[in-house]
Amino acid sequence: MWSSTATSQPVLVTGGAGFIGSRLVRSLASAGHRVRVLDDLTTGRAESVGGVPGVTLVRGSVLDPEAVAEAARGTGLVLHLAGVVGMRLAARQAGLAYAVGHDGTANVLARSGDTPVVLVSSSAVYGLSDSSAVLREDVPLDRTVPLAYDGGAPGYATGKWEMERLGRQAWRHRPVLVVRPFNVVGPGQSGRYGMVLPTFFRQAETGTPLTVHGDGTQRRCFTDVDQFTSRLLDLAASDAAWRPDANVFNIGSTTETAIGDLARLVIEATGSTAGVVHVPYQSVFPGRTDVTGRVPRVERLTSAVGGTDWLSAAELVRRTAEARQGGAVTAGR
Ligand SMILES: NC(=O)c1ccc[n+]([C@@H]2O[C@H](COP(=O)([O-])OP(=O)(O)OC[C@H]3O[C@@H](n4cnc5c(N)ncnc54)[C@H](O)[C@@H]3O)[C@@H](O)[C@H]2O)c1
């Protein structure tokens, strides 16, 4: 479907100036690919891909069909990551988050010919799960599931659900692969938009108490960004992954960490004396319910591209602390 060694046609990465996208762009470029990035730079930064040989950044929106058509011309693969990301941002701009998920994906699918497309969806399509829920790709999800996550009005999760629905329809005409990331973290992630790990780091480093929503027993599976991107590219290069009846893949660590424990790990790693403050979830996100747990089943990923020795949350915190101490993260991010 797509060969990681076939470098004659460029790869388009939408949202390629973002946290995950820029890692993908750099990885593709270092493997000899020419890469086009289409990004409106709302949360992404031009510097994250600037100066990388073989990479062209086009500032534009996936909501603009002409910009998508231009960027997609002649490409051999499209990785579609553009999205309104981060709980704080997605809650404030729910309508836009939905539009980018739905309309942006419709544009990408309509304006990129028959080029194979990887749609980067989200674990949010599983809705208000708990730790015992079986989050497997073949479990049918109707629209009410992401809608409940969005608090009843279409937003980020419903937009991702629509992205997947459009992807299923598009399979009649061209190859589509869908990936569902689970809490991807690592050095370079911004804390401005509601991502928990960089928020904890910024608070610890500035002596501000770490804000834990609720009692801190809610759990997530934190996934290293480099492991995530390498698994995504492995899938894209695997013919077995592009089967129309089994083309959706969870990508994520399977070990849960309670948010209260994550806060403690960050405090230990930074030597901060800031402590923790518990904030009611409803006061931060009125009308919404927090997910108590979310563990991916990854058998499908493992059978397509082999097993992954996922990094632990402690190791992810250690590496992020090291990178921040080394100045890898710009102020305020
Ligand atoms: N980070 C995670 O844990 C996680 C989890 C689930 C899903 N995802 C998905 O992975 C993708 C990348 O997320 P990220 O963590 O790198 O976030 P990010 O905010 O760093 O990246 C998103 C990128 O999309 C760009 N963008 C936003 N709207 C756009 C538009 N209309 N047109 C063009 N570009 C636009 C932003 O400028 C940014 O560069 C997103 O689709 C997100 O929904 C991420």
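## Strand β6 and its partners

Strand β5 (residues 117-120) pairs with β6 in the parallel sense, over four bridges. Two strands pair if DSSP finds at least two bridges between them. Helices (H or I, at least four residues) and strands (E, at least two) are DSSP runs, numbered from the N terminus. In this pairing, Val120 stands opposite Val179 of β6.

β6 also joins strand β11 (residues 248-251). Four bridges link them, and they run parallel. Here Pro181 has Ile251 of β11 as its bridge partner.

## The model

This is a predicted model: local features need pLDDT of at least 70, side-chain atom pairs count only at pLDDT 80 or more, and totals for chains, interfaces and linings use all residues. Residues are numbered from 1 along each chain as its sequence is written.

## Burial of β6

How many of the residues of β6 (176-181) are buried? Six of its six are. A residue is buried if 20 or more other C-beta atoms, placed from the backbone, lie within 10 Å of its own.

Both faces of β6 are covered. Val176, Val178 and Arg180 lie on one side. Leu177, Val179 and Pro181 lie on the other.

Notes. Buried ≥ 20, exposed ≤ 12 C-beta atoms within 10 Å, placed from the backbone.
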